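Student: Could we go through this structure together, taking its strands, contacts and interior one at a time?

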Amino acid sequence: MSMRIHLPLGLLATALSLAFAGHARAQEHDHAAHAAPASAQQKPATPPAQSAETDHSQMDHSRMDHSRMDHSRMNDSKVDHSRTDHSKPDASSMDHSRMDHSKMDHSTMDHGPAGQAPGEPREPIPVVTEADRAAAFPSLKPHAMEHASTFHSLVMINRLEAWDADHGTGQAWEGSAWFGSDLNRLWLRSEGEREGSRTESSELEVLYGRSISPWWDVVAGLKQDFRPADSRTWAAFGVQGLAPYKFEVSATAYLGESGQVMATVEAEYELLLTNRLILQPLVEASFSSKDVPEYGEGTGLNKVEAGLRLRYEITRRFAPYVGVVHERLFGDTADYRRGEGGDVTDTRFVAGVRFWF
C-alpha cells in the first residue's frame, strides 16, 4: 500500500533553499579554521581581562624584545610591581636605542669608582716617592769620593787667539791643566798677552787643589808674574767650580810684598746653540788694595774684561772660534794709562782655537 503526500510547490522550493544555505555555511566555517595558523588558534585575538592582574615576578624578561612593544597604552596603575625583582635585570638583549633618557635623573645613579676608565691598567704605575727620587739621584758626599783614587790628567787651552786692531796686531792665551785624582790635584794655570812683538803680560800659577764638594775645589799655592816690568811672586789661595745654573766661576786672592793684595774674579758660561755650535760669554775683573805706580796699578777696581766667543766643535777636543772682546780700565789705573798716552778702553775682534787633551 502506498501513500502519496502532495506538498505545494512553493513550500518545497523554500525547504530546498534553506538546506543548501546551511550546508554552505558549514563548509565555510570548516575551511576558515584550517586556513588560520596554529599560533592564531592557540592565542586569543585579545588578551583576557584578567591579564592586568598577572604576576610578573615569575616571568623571564631577559628574552623579551621590548623594542616592538607599545608602552603608550599600558596602564601601570593596576600592575603590582611589588613582587618584581629588579635587582638583577638582564639588559644584554634590551634595545636602548629607542629609549628617552632626557628625563632620567643620573644624580642618584651609582656609576662605580670615579675616574676608572675601561682602558686603565689593572696594575697602575705607583706614585713616585721621595725614597725613589733619592735612589735615582744619590747625593755625592766627600766620603764617597775617597774611593776615586785613580790618577787622571787634563790639559785645556781655553783661548789661543790673535787679533788685528788699529793700534797693531796681538796674541793672547789662557789655559789650565791638572793632574791627580778626583779629590787631590795639582793645578797649573797660565795666561798672557802680546802686542806687536812685545810681551805685555805673562803669569804662571802652581796650586794644590782639594775637592770640598762634588762641584767645588779650594786651591792654594804660588803665582809668578814675568811681565810687565820686574817679575813678582805672590801667595795664592781661592775657590773654583761650577755655580748654580752651570756658571764656571773662579775667585783667587794674591798676597804680595809689603802687604799688597790683589784679587781676580772670573765667570764664564757655555750656551749650546746646537750640539756643536757653542756661544761662550766671559767676564773677568781685577782688584788691588794699594797703588803701585811702577806697575800701573791703582786702588780698587782696576780692569774689567768682557768677551763673547762663538766656537764650532769639529771634534770635542778641537774647536775654532771667533769673537769680540771689550776691555776697560777704572780709577787710578785708568789715570796711569792716560799718563802714558794709552787708551782706557779697547775693543777688538779675535779669532782662535780651543783644544784639550
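Tutor: E11 and E12 pair in the antiparallel sense over nine bridges, where strands (E) are DSSP runs of at least two residues numbered from the N terminus and two strands pair if DSSP finds at least two bridges between them. This is a predicted model, in which local features need pLDDT of at least 70 and side-chain atom pairs count only at pLDDT 80 or more, while totals for chains, interfaces and linings use all residues. Residues are numbered from 1 along each chain as its sequence is written, and side-chain values use heavy atoms, with hydrogens and water left out.

Student: Which residue in E12 is the bridge partner of Leu310?

Tutor: E11 and E12 form a hairpin with five residues between them, and their pairing is antiparallel. Within E12, the residue bridged to Leu310 is Val322.

Student: And in E13, what is the bridge partner of Phe318?

Tutor: E12 also pairs with strand E13 (residues 345-356), in the antiparallel sense and over eleven bridges. In E13, the partner of Phe318 is Phe355.

Student: Is Tyr321 on the covered or the uncovered face of E12?

Tutor: In a regular strand the side chains alternate between the two faces of the sheet. In E12 (residues 318-329), Phe318, Pro320, Val322, Val324, His326 and Arg328 make up the uncovered face.

Student: Which strand gives the largest share of the lining of the largest cavity?

Tutor: A cavity here is a set of points on a 1 Å grid over the protein atoms alone where a 1.4 Å probe fits but cannot get out, and lining residues have an atom within 4 Å of a point. The structure holds one cavity of 30 Å³ or more, with a volume of about 40 Å³, and Asn158, Gln280, Arg309, Leu310, Arg311, Tyr321 and Arg354 line it. Three of the lining residues, the largest share, come from strand E11.

Student: Are Arg311 and Glu313 buried or exposed?

Tutor: The side chains of Arg311 and Glu313 meet in a salt bridge with N and O 3.4 Å apart, the criterion being a side-chain nitrogen of Lys or Arg within 4 Å of a carboxyl oxygen of Asp or Glu. On the scale of relative accessible area (buried under 20%, exposed over 50%, partly exposed in between, with a 1.4 Å probe and protein chains only), Arg311 and Glu313 are both buried.

Student: Why does the salt bridge between Glu174 and Arg159 tie together parts that are apart in sequence?

Tutor: Glu174 and Arg159 have their closest N and O atoms 3.8 Å apart, and both residues are buried. Glu174 lies in strand E2 (residues 168-180) and Arg159 in strand E1 (residues 152-165), so the parts that the pair ties together are 15 residues apart in sequence.

Student: Is the aromatic pair of Phe247 and Tyr269 stacked, edge-to-face or tilted?

Tutor: Rings of Phe, Tyr and Trp (its six-membered ring) pair if their centres lie within 6.5 Å, and planes under 30 degrees apart count as stacked, over 60 as edge-to-face and the rest as tilted. The structure holds one aromatic pair. The ring centres of Phe247 and Tyr269 are 4.8 Å apart and their planes are at 35 degrees, so the pair is tilted.

Note on methods
On a 1 Å grid over the protein atoms alone, a cavity is a set of points where a 1.4 Å probe fits but cannot get out, and a pocket is an open set with protein on both sides within 12 Å along at least five of seven lines; lining residues have an atom within 4 Å of a point. Grid points are joined across faces, edges and corners, and a volume is the space filled by probe spheres set on the points. Helices (H or I, at least four residues) and strands (E, at least two) are DSSP runs, numbered from the N terminus.
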